[in-house]
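Reader: I'd like to learn how to read the features of a model like this one. Could we go through it together?

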Amino acid sequence: MKFKTRLKGQSHRRFILNAVQASLIALAATGLQAAEDGHHEHNHNHDNQHQSHAAHVHGEAALNIIIDGELILAEFISPLENLLGFEHEPETAEQKQAYQDLLQDLADSQAVFGVSDARCTQTGQQSESPFTEAGHAHAEWHGEYYLECRDIAEAAHIKPQLFTAYPGIEKLTVQLISTHGQSQQIVTSNNDTIPLK
């Protein structure tokens, strides 16, 4: 499937993200996403017709990336606890400032990941408020990033940039879909490079 030169329309973007999510569900069914011992796991029931269940595990996050031609679409999902140290709606002035700083930092894809030698420009970004559900005790960050890359063929690897800024993230599950196929890799601060060639 080839994208048009520019992503157009929310429905097109949502279609691509749904494809990534479907791939993640298939991989999870093979047991590749078992939770590590020692983490707090919470199961959430989402109100949809399929009654899907998502694991909310402190210390873990997910980065889903599609590369098609010169375009990159990425999705970053993490329990808010990993990023802020709390998951409730900010209450104190310090928590409110920390949340505003997070919004500003994670508006830039380079705070999440980098693509070596690809000369990428971010063309769009959006995130959902983690506090949309009243009384939701386990809020999550969900951000989407759209990039155009002039030299994607030169890119050797993708490198997450999250571990230093957010030490609450101990393990990142990276799902990659490109012309080379589909792969999943678990990365940590000691092993955080995803090869593209």
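**Sheets, salt bridges and core**

Author: Gladly. An open sheet of 3 strands runs in the order β5-β8-β11, with antiparallel pairing. Its edge strands are β5 (113-115) and β11 (194-195), each of which pairs on one side only. One caution on the source: this is a predicted model, in which local features need pLDDT of at least 70 and side-chain atom pairs count only at pLDDT 80 or more, while totals for chains, interfaces and linings use all residues. Residues are numbered from 1 along each chain as its sequence is written, and side-chain values use heavy atoms, with hydrogens and water left out.

Reader: What counts as a strand, and what makes two of them pair?

Author: Strands (E, at least two residues) and helices (H or I, at least four) are DSSP runs, numbered from the N terminus. Two strands pair if DSSP finds at least two bridges between them. In general, strands of a sheet pair through backbone hydrogen bonds, either parallel or antiparallel. Here, β5 and β8 (residues 157-160) pair in the antiparallel sense over 3 bridges, with Phe113 opposite Pro160 in β8. The protein chain has 4 helices and 11 strands.

Reader: What is the strand order in the open sheet of 6 strands, and which strands stand at the edges?

Author: The order is β6-β7-β4-β3-β9-β10, with mixed pairing. β6 (120-128) and β10 (181-187) stand at the edges with a single partner strand each, so one side of each is left without a neighbour in the sheet. Neighbouring strands of this sheet are turned by 15 degrees against each other on average, direction ignored; the axes behind such angles are lines fitted to C-alpha atoms, for helices over the stretch in contact, and angles run from 0 to 180 degrees between N-to-C directions.

Reader: How do β3 and β9 pair, parallel or antiparallel?

Author: β3 and β9 pair in the parallel sense, over 7 bridges, and the bridge partner of Ile66 in β9 is Ile177. On another side of the story, β3 (residues 60-68) and β4 (residues 71-79) run antiparallel and are joined by 7 bridges, with Asn64 opposite Glu75 in β4. β9 and β10 also pair in the antiparallel sense over 7 bridges. They form a hairpin with 2 residues between them, and Gln184 in β10 is the bridge partner of Gln175.

Reader: Is β9 mostly covered or uncovered, and how many of its residues are buried?

Author: Start with the cut-offs: buried means under 20% relative accessible area, exposed over 50%, and partly exposed in between (1.4 Å probe, protein chains only). β9 is mostly covered, with 8 of its 8 residues buried. Both faces are covered: Lys171, Thr173, Gln175 and Ile177 are buried on one side, and Leu172, Val174, Leu176 and Ser178 on the other. For the protein chain of 197 residues, 42% count as buried.

Reader: How many salt bridges does a search of the whole structure find?

Author: A salt bridge is a side-chain nitrogen of Lys or Arg within 4 Å of a carboxyl oxygen of Asp or Glu. The search finds 3. In one of them, the side chains of Glu60 and Lys171 meet at 3.4 Å, N to O. Glu60 lies in β3 and Lys171 in β9 (residues 171-178), so this pair ties together parts that are 111 residues apart in sequence. Glu60 is buried, at 14% relative accessible area, and Lys171 is buried too, at 9%.

Reader: Where do Arg119 and Asp151 lie?

Author: Their side chains meet in a salt bridge as well (3.1 Å, N to O). Arg119 lies in the loop between β5 and β6 and Asp151 in the loop between β7 (140-149) and β8, so the pair ties together parts 32 residues apart in sequence. Arg119 is partly exposed, with a relative accessible area of 47%, and Asp151 is partly exposed at 24%.

Reader: Which residues touch the most other members in the largest nonpolar core?

Author: A nonpolar core is a set of buried Ala, Val, Leu, Ile, Met, Phe, Trp, Tyr and Cys residues joined through side-chain atoms within 4.5 Å. The largest one has 37 residues, and Phe76 and Phe113 touch the most other members. At least two residues of this core come from each of β3, β4, α2 (80-84), α3 (93-105), β5, β7, α4 (162-165) and β9.
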